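Here are my notes on the model, point by point. Please read them with the structure open.

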Amino acid sequence: MEFRPINRASGAFQQSVTAGAIQQIFRRVYGADARVTSAFELGTGMYNNVYRVTVAGQERPVILRVAPEPARQFRSEQQLMRNEFASVPYLSVIAPLMPRVIAADWSHEVIGRDWMVQSLLGGVPAPERLSGYPRTVWSAFFQQLGSISRSVHDVHGPRFGPLNGPGYATWSEAVIASLEEIAADLDRVGLDAADVRKVAAVVVHESAVLDEVTEPSLLTGDLWTVNALLDAVAPEPVITGVLDFDRCLFGDSSADWTIRMATAKDDERTAFWETYGALDRSPAAVWRGRVYEARHLGAIRLERHRLGKDSGGETYGAMAEVLAGLT
C-alpha cells in the first residue's frame, strides 16, 4: 500500500489516521479480502482528514473522509459529518452535482472517529481552474453558483437549526444557541468572547426581529468557490460538482455563508444575483444581516485559531462595527 499522509505538527488540529486504519476501514466497506493499494491525503479539507483511496478490483478511486476525534471537536462544530449525512435527503435538488455516499460509520468500532466513503467527483477545484479563465467569463461561474444556491434555499425543513439537531421552534432560539456555543468555544481556547456574548444579549432583547423569519430554509453552510469543482476543458467555467455540506442548517437563507460571500465585493460575483434573485434589503433584513455577520466573525475567529493561523485579531474590530450597528 502506497500511503502519503500530510505531515503536521503534533499539536495540529488535523491528525492523519494510519495506513493500517485505512486498510481496516475498506475491509469493512468492501469485505475482508479488500486490499487498499494507495491512499493519498488531500490538503483541501480544513476540518476532516480527506484521502483519495484506490482499492484493488474497484473501477475508480474513492474519497475517504475522517472526522476529528470527538474530544477535539468544538461545541459549535459537533458531529459535522453526521450533520452532512443528514443533509443528503434534503439536497436531492442538486444530487447530480454531489458525491454519492458509499458508506458511513459512526460506530467507532474500526477507529475512534466518524468516517465516510464517497464517490470521487470529476473536475478541478474552482479556485485553481477559475484563475485560468479571463475575468470576463467569471460571471458564468457565479451565475451557476447563484442558481445552485437558489435551489437549495427553496428547500424547507421542519424546524430551525442543524439538520442533525438540536432543533428549535424559532429562528431566534437557533441563532442565540449558535452564538452561545461559539462564545463557549472561544473561552475554551483562551480567546476573548465578550463581543460575541454582547451580540447574543442584543438578539435576546430583539428576538422578534429574527422571528419574522418563520419558514426554515435549507442553508448550505459553507458553499463558495473552495467547495466547487469545474470542468477541466470547458471554454467557460462549468460547475461539475459541489462538496462539503457538513455545516448545513435550517434557517434564514440570508444567514448562509454563500450570501455573505456574494455580497462581500462588487465584482464579477454580482452575477450571482442574476440567477439567485434579489436580496431582501428591508430595515429588518439589514439588521438581521448584521447579526449573521457577527455569527460569521465569531466562527472565523475560532477557525483561524483552530488552524493555527492567528488569534483572529482582525475580527475584533469588525465585530465592534457590527455591534455599533445593532444597538
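1. Asn227 is buried, at 5% relative accessibility. Buried means under 20% relative accessible area, exposed over 50%, and partly exposed in between (1.4 Å probe, protein chains only). Asn227 sits in the loop between strand S9 (217–219) and strand S10 (228–230). Helices (H or I, at least four residues) and strands (E, at least two) are DSSP runs, numbered from the N terminus. Leaving aside neighbours within four places in sequence, Asn227 contacts Asp222, Gly241, Val242, Leu243 and Asp244. Contact means heavy atoms within 4.5 Å.

2. On provenance: this is a predicted model, where local features need pLDDT of at least 70 and side-chain atom pairs count only at pLDDT 80 or more, while totals for chains, interfaces and linings use all residues. Residues are numbered from 1 along each chain as its sequence is written, and side-chain values use heavy atoms, with hydrogens and water left out.

3. Now the backbone. Most residues other than glycine have a negative phi, and most peptide bonds are trans. Asp244, one of the contacts of Asn227, has a positive phi near 60°. Asp244 lies in the loop between strand S11 (239–242) and strand S12 (249–251). Asp244 counts as partly exposed because its relative accessibility is 27%.

4. His108 has a positive phi too, about 65°, and is not a glycine. The loop between strand S5 (101–105) and S6 holds His108. At 29% relative accessibility, His108 is partly exposed.

5. Check the peptide bond from Gly165 to Pro166: it is cis, with omega near 0°. Pro166 is in the loop between strand S8 (161–162) and helix H5 (171–188).

6. Leu120 falls in the loop between strand S6 (115–119) and strand S7 (124–125). Not counting residues up to four places away in sequence, Leu120 touches Arg52, Arg60, Pro61, Val62 and Ile63.

7. How many cavities of 30 Å³ or more does the structure hold? There are 2. A cavity is a set of points, on a 1 Å grid over the protein atoms alone, where a 1.4 Å probe fits but cannot get out; lining residues have an atom within 4 Å of a point. The largest cavity holds about 60 Å³. Its lining has 13 residues, with Glu84, Val88, Met98, Pro99 and Gln118 nearest the centre. Helix H2 (80–87) and S6 each give two or more residues to this lining. H2 gives the largest share, 3 residues.

8. The second largest cavity has a volume of about 30 Å³. Its lining includes Tyr47, Asn48, Gln73, Met81 and Asp114.

Terms used: 1 Å grid on protein atoms, 1.4 Å probe; cavity = no way out; pocket = protein on both sides within 12 Å on 5 of 7 lines; lining within 4 Å. Points joined across faces, edges and corners; volume = space filled by probe spheres on them.
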